[in-house]
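Hello,

Please find the structure below. My notes on it follow.

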Amino acid sequence: MDAPTFSPREIVSELDRFIVGQADAKRAVAIAMRNRWRRAQLAEGMRDEVVPKNILMIGPTGCGKTEIARRLAKLAQAPFLKIEATKFTEVGYVGRDVDSIIRDLVEASLTMLRDVKRREVKGKAEQAAEERVLDALVGQGAAAETRNKFRTMLREGQLEDKEIEVAVVEAAPQTGTEMPGVMPGNVINFGEMMKGFMNRAPQPRKLKVSAARIYLEREEADKLLDNEALTREAVAHAQNNGIVFLDEID
């Protein structure tokens, strides 16, 4: 997933749509974002010699620091993570391990890229999900005529409120929760992490057709994805494009 190409002037112009003032801050982050894009164009050996710079934004609450960072990440299509520094540094408090920043950033990257890849296979996923909904409505052994009749009703929206029972996989844990295959202080095993996400057992649930379709389309899309390739891409995307916003540094 490649970040969009914008000049510093275009980046500032986009930030101006959402943040009032702070011209110096906008210019600084715009140049930093452009330099990151320029670094990505270098040969791999040369790229390792150019280290991206961090940015320190100082200002009172409400002046736009977080919003600038958040809008920049959205513009760059980059995984974004906001961290309250006191959770890691407060004296006398056993806070979160710093490794969790990397885990959460990679999780955000996985979620972002998975959504992009799901859209690429949306058509096939919708067809497979429709067949599973029909199985729940009329059974796998139903006659073709019956199945086609219900298919027509389904496509015309006549069955959206009908309740069916389907086996669905719950959504992955949200950012900030413990991730499967990862223990604080240990080396991150991304293979085990993905196994934890993908091997969750389906659970039978009674849902309206409209809700069941959402679950099933997501599942069918995930079946069509190359999870090993997706994991490698997500790790690289987090490493090269991820933005971590450290807040409340005293």
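At the start of helix 11, which side-chain oxygen reaches towards the backbone nitrogen of Glu 228? The oxygen belongs to Asp 226 and comes to within 3.3 Å of that nitrogen. Helices here are DSSP runs of H or I with at least four residues, strands are runs of E with at least two, and both are numbered from the N terminus.

This is a predicted model, in which local features need pLDDT of at least 70, side-chain atom pairs count only at pLDDT 80 or more, and totals for chains, interfaces and linings use all residues. Residues are numbered from 1 along each chain as its sequence is written, and side-chain values use heavy atoms, with hydrogens and water left out.

Helix 11 has buried residues (under 20% relative accessible area; exposed is over 50%, partly exposed in between, with a 1.4 Å probe and protein chains only). They are Leu 230, Thr 231, Ala 234, His 237, Ala 238 and Asn 241. Seen down the axis of helix 11, these fall within an arc of 135 degrees, so they line one face of the helix; the arc is taken from the directions from the helix axis to the C-beta atoms. The face turned away from the buried side carries the exposed residues Glu 228, Arg 232 and Gln 239.

Two loop residues also came up. Gln 22 lies between helix 1 (8-16) and helix 2 (23-40), and its phi is near 55 degrees, a positive value in a residue other than glycine. Gln 77, in the loop between helix 4 (65-76) and strand 1 (80-84), has a phi near 55 degrees.

Regards

How values were computed
Polar contact = N/O pair within 3.5 Å; in protein donor to acceptor, adjacent residues only side chain to side chain.
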